[in-house]
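User: I am new to this structure and would like to go through its pockets and strands. Please take the questions one at a time.

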Amino acid sequence: MEEFKTVREFYSDITADLRQKGNYQWDRYYPNRFIIKNDLKQGNLYGMHEGKQLTGAIVLDTNQSKKYKALKWEDVKGTPLVIHRLAVHPEHQGKGYGKNLLKFAEDYAQRNGYTSIRFDVYSENHAALKMYERAGYQARGMIQFPLRSVPYHCYEKILVDPN
């Protein structure tokens with residue numbers, strides 16, 4: 001239960017910070033307690049800590065939005081790993097933690113036989129978009145989620161040629 005409370009507060013702090021900056025990608029509906037509990041139950045939420053504070057988190061699994069089917073992915077025969085909710089606490093942003101989480105995902109994917117990494121990013125999260133592009137991720141198109149006024153960019157990075 002303590003782990004749930006820590007993660008929920010982490011996401012709440014990030015949501016408040018995003019809203020203060022005029023970014024509305026997260027709200028009280030996402031990420032919600034059901035999503036957080038499921039991430040913890042499935043064991044696919046990974047965190048970075050400084051002392052007792054959760055400084056960064058990432059969720060890794062194979063769950064893709066149905067909207068991904070409309071996109072032209074390069075990896076059509078392999079097994080992609082999907083990143084969800086990569087986030088760094090506002091007090092720790094700008095220290096390279098986001099890059100470290102991305103590197104963790106890539107290492108995890110390679111160790112576990114995934115051929116690529118996919119994810120979507122809120123189109124107004126300019127810092128994240130730049131980080132992903134600098135890390136070699138390729139844009140594959142855009143999707144729109146309900147109750148969101150702006151689209152999400154979808155990215156992919158091929159790790160092993162599956163073809």
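Analyst: A pocket here is an open set of grid points where a 1.4 Å probe fits, with protein on both sides within 12 Å along at least five of seven lines. The model is predicted.

User: What is the volume of the largest pocket?
Analyst: The volume is the space filled by probe spheres set on the grid points. For the largest pocket it comes to about 1300 Å³.

User: Which residues are the closest to the centre of the largest pocket?
Analyst: The lining of this pocket is made of 50 residues. Among the elements that give two or more residues to it are helix H1 (2-20), strand E3 (80-88) and helix H4 (126-134). The residues closest to the centre are Gln 25, Trp 26, Leu 86, Asn 125 and Tyr 132.

User: Which element gives the most to the lining of the largest pocket?
Analyst: By class, that lining has 24 nonpolar, 14 polar and twelve charged residues. With seven residues, the element that gives the most is E3.

User: Which element gives the most to the lining of the second largest pocket?
Analyst: The second largest pocket has a volume of about 170 Å³. Its lining includes Arg 8, Tyr 11, Asp 27 and Phe 34. The elements that give two or more residues to this lining are H1 and H2. The most, four residues, comes from H1.

User: How many charged residues are in the lining of the second largest pocket?
Analyst: Asp, Glu, Lys and Arg count as charged. The lining also has five nonpolar and three polar residues. The number of charged residues is four.

User: Is E4 mostly covered or mostly uncovered?
Analyst: A residue is buried if its relative accessible area is under 20%. In E4, six of the seven residues are buried. The strand is therefore, by this cut-off, mostly covered.

User: In which sense do E3 and E4 pair?
Analyst: The two strands share three bridges, and Val 82 stands opposite Arg 118 in E4. The pairing of E3 and E4 is parallel.

User: What is the handedness of the β-α-β crossover from E3 to E4?
Analyst: Between the two strands the chain passes through H3. A clockwise path, with the strands pointing away from the viewer, counts as right-handed. The crossover from E3 to E4 is right-handed.

User: Which residue in E6 is the bridge partner of Arg 118?
Analyst: E4 also pairs with strand E6 (residues 152-158), in the antiparallel sense and over seven bridges. In E6, the partner of Arg 118 is Glu 156.

How values were computed:
Residues numbered from 1 in each chain as written. Predicted model: local features only at pLDDT ≥ 70, side-chain atom pairs only at ≥ 80, totals over all residues. Heavy atoms only, no water. 1 Å grid on protein atoms, 1.4 Å probe; cavity = no way out; pocket = protein on both sides within 12 Å on 5 of 7 lines; lining within 4 Å. Buried < 20%, exposed > 50% of the residue type's maximum accessible area, 1.4 Å probe, protein only. Pairing = 2+ DSSP bridges.
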